[in-house]
Amino acid sequence: MYKILTKSDELPAFFPLTMTFSNDMPDTGEHSHDCVEIGIVLRGKAAHLYNGDTRFLYPGDVLILAPEQRHSFPEVENFSMCNVLFHPRELNIPQQDLVKFPGFQDIFNPDPDDYESCRHFFHLVDDDFRHIRMLLSLMRKEQKNIGRSGYRSAMLGLFMNFLCHLLRSYCSSNESAVPNYYEQNVESAVKYLKMHYLKPFDLEYLLKISAMSRSNFIKRFRIVAGVSPMQFVIRKRIAHAARMIAVSDLPISQIAIECGFCDSSHFSKCFRNVTGESPRTYRQRMRQYSDRENFWSDRNIDNPFVMDWQ
């Protein structure tokens, strides 16, 4: 098994986003990437082996893999695909309303220990496939401008467009459709977590009120909420903690305990994963721009400084 590194000293300035085209790709042994990989199948057919499971890929199929996830292509036939590779925590992405998409957190904050959350297969319908291919062509053309002024801005803009259309297609794909029965049961669990997210997390109780098996519940919950049940709770707790940090002088360690975290170290790690900065840095910024916090809260729209996950 080998690892593919995306960071290169050959680039004039490090930018944690790149893409590759693999034309007539040969059989490829087990490997991993040091980044998130989004693969779009352009032509041909290939067997994709991941975690002991083999699936055949065809034009329009999309696969998304988290860093360090091992996979291989043991059988290929006239196969071509495009890979978009990036480091979510190092790429300064203006998330805006992208966080509302189901699947967004699986791409930008994947759980490497949860195999199902690290791999997604879905198919682009004809119109979406054509549009995605056009965006990939524009990104490929722009990539030739590495080193020129404006390269990062242009590449990031194209990537945002690509990501938006990909997530829209993911949401509307047949594989992400949920029967009303399951959706209503999961919504009951979501409603409960919104009211009791500061209480100890109890998966068994969620399974009871949803009347579903563990594997089915977690799968359906991801489709409805976009994240796993535990990730949903963590983000609710972080949003609550962020408000406390912004408006109070309580020690960070005390806020961590009151928001359901066992210690301040774990809290700080989760806070950084969700917001992109440490609790102390967030507090300093909120104190510096306290008027801006009031600006957003007075307008009944999402506060861009806090992922509230309502």
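**Strand pairing and nonpolar cores**

Strands β4 and β6 are paired in the antiparallel sense, with four bridges between them. Within this pairing, I40 lies opposite V62 of β6. The model described here is predicted. Strand β6 is mostly covered, five of its five residues being buried. Its side chains are divided between two directions: D61, L63 and L65 point one way, whereas V62 and I64 point the other way, and all are buried. In a regular strand, side chains alternate between the two faces of the sheet.

When its neighbours within four places in sequence are set aside, I40 is in contact with D61 and V62, with M81 and C82, with L124, F129, I132 and L136, and with F162 and L166. I40 also belongs to the largest nonpolar core, which has 34 residues; the residues with the most contacts inside this core are I38, I40, V84, F159 and F162. Two or more residues of the core come from each of the strands β2 (17-22), β4 (36-50), β6 (61-65) and β7 (71-86), and from each of the helices α3 (126-143) and α4 (151-172). The most is given by α4, which supplies twelve residues. A second, separate core comprises 18 residues, among them I234, I238, F271 and Y282.

Helix α8 covers residues 229-247. Of its 19 residues, 15 are buried, and the helix is thus described as mostly covered.

The structure holds zero disulfides.

For the chain as a whole, twelve helices and eight strands are found. The chain has 310 residues, of which 47% are buried. Among contacts with a separation of 6 or more, 73% are between residues 24 or more positions apart.

Technical notes
Residues are numbered from 1 along each chain as its sequence is written. This is a predicted model: local features need pLDDT of at least 70, side-chain atom pairs count only at pLDDT 80 or more; totals for chains, interfaces and linings use all residues. Side-chain values use heavy atoms; hydrogens and water are left out. A nonpolar core is a set of buried Ala, Val, Leu, Ile, Met, Phe, Trp, Tyr and Cys residues joined through side-chain atoms within 4.5 Å. Buried means under 20% relative accessible area, exposed over 50%, partly exposed in between (1.4 Å probe, protein chains only). Contact means heavy atoms within 4.5 Å. Two strands pair if DSSP finds at least two bridges between them. The expected span of a helix is 1.5 Å times one less than its number of residues. A disulfide is a pair of cysteine sulfur atoms within 2.5 Å.
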